[in-house]
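Please look at the sequence and structure before reading on.

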Amino acid sequence: MLADVSGSMTHLRKLETLNDCIATMIRSFAAERTIRGEIQVGVVAFGGETAALHQPPVPATELQWSDLRAGGRTPFGAALDLLTELLADERVIPRNAFMPTLILVSDGKPTDEWEGPLQRLLASPRGAKAIRLAVGIGQDMDDDDFQVLRAFIGDPSIEPQRADQAHLLTRYFSWLTMSVSRQARAGRQSSAEIGFDELDEFLA
């Protein structure tokens with residue numbers, strides 16, 4: 001997950017809700033029982049002047065969630081470069097692991113150069129093959145903001161989701177949890193396992 005922790009995320013309980021959603025998702029993943037493997041969770045947080053690995057990827061069963069804290073600017077490009085490095089490191093993500101599902105959560109425009117870092121991510125083997133999803137938080141997100149999310153997804157058939165209110169972010173994460181769990185149980189990644197056709201029901 002790429003989590004925006006810029007100062008604006010403190011408004012309207014956005015970051016508080018995101019922390020609650022991540023913690024609930026981790027508990028659900030930890031409860032999954034499948035012989036096909038285990039679900040790992042990692043979080044890159046970007047805020048202030050740079051990005052940091054807030055939570056290294058570990059099995060959900062071993063993860064004790066520590067809440068994200070917000071402040072400063074929105075260094076999205078730095079987050080993308082850090083993500084690309086992590087995906088290439090086989091000590092972090094073993095060669096036999098599933099391609100990752102990458103989730104971007106943000107509430108505004110990047111404040112650093114991000115297009116070059118995005119191209120490097122998309123040119124990397126794991127970055128190119130990963131399932132990439134995005135959700136914009138807050139009513140003040142405009143079309144320019146969503147263009148950044150669309151560029152991250154890189155697939156015109158998949159639209160970024162809008163969570164204008166806190167409860168919509170909670171519902172989005174409920175769908176996301178179901179989707180990733182289903183892929184783990186199936187032992188494969190495909191559009192059918194993602195369940196886009198069910199997303200509207202969760203957000204209704």
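Q: How many cavities of 30 Å³ or more does a search of the whole structure find?
A: This is a predicted model, in which local features need pLDDT of at least 70 and side-chain atom pairs count only at pLDDT 80 or more, while totals for chains, interfaces and linings use all residues. Residues are numbered from 1 along each chain as its sequence is written, and side-chain values use heavy atoms, without hydrogens and water. A cavity is a set of points, on a 1 Å grid over the protein atoms alone, where a 1.4 Å probe fits but cannot get out, and a volume is the space filled by probe spheres set on the points, which are joined across faces, edges and corners. With a limit of 30 Å³ or more, the number of cavities found is one.

Q: Which elements each supply at least two residues of the lining of the largest cavity?
A: Lining residues have an atom within 4 Å of a point, and here they include Phe46, Leu104 and Val148. Elements are DSSP runs numbered from the N terminus, helices being H or I with at least four residues and strands E with at least two. The elements that each supply at least two lining residues are β4 (101–106) and α5 (143–153).

Q: What is the volume of the largest pocket?
A: A pocket is an open set of points with protein on both sides within 12 Å along at least five of seven lines. The largest pocket is lined by 34 residues, and β2 gives the largest share, five residues. Its volume is about 870 Å³.
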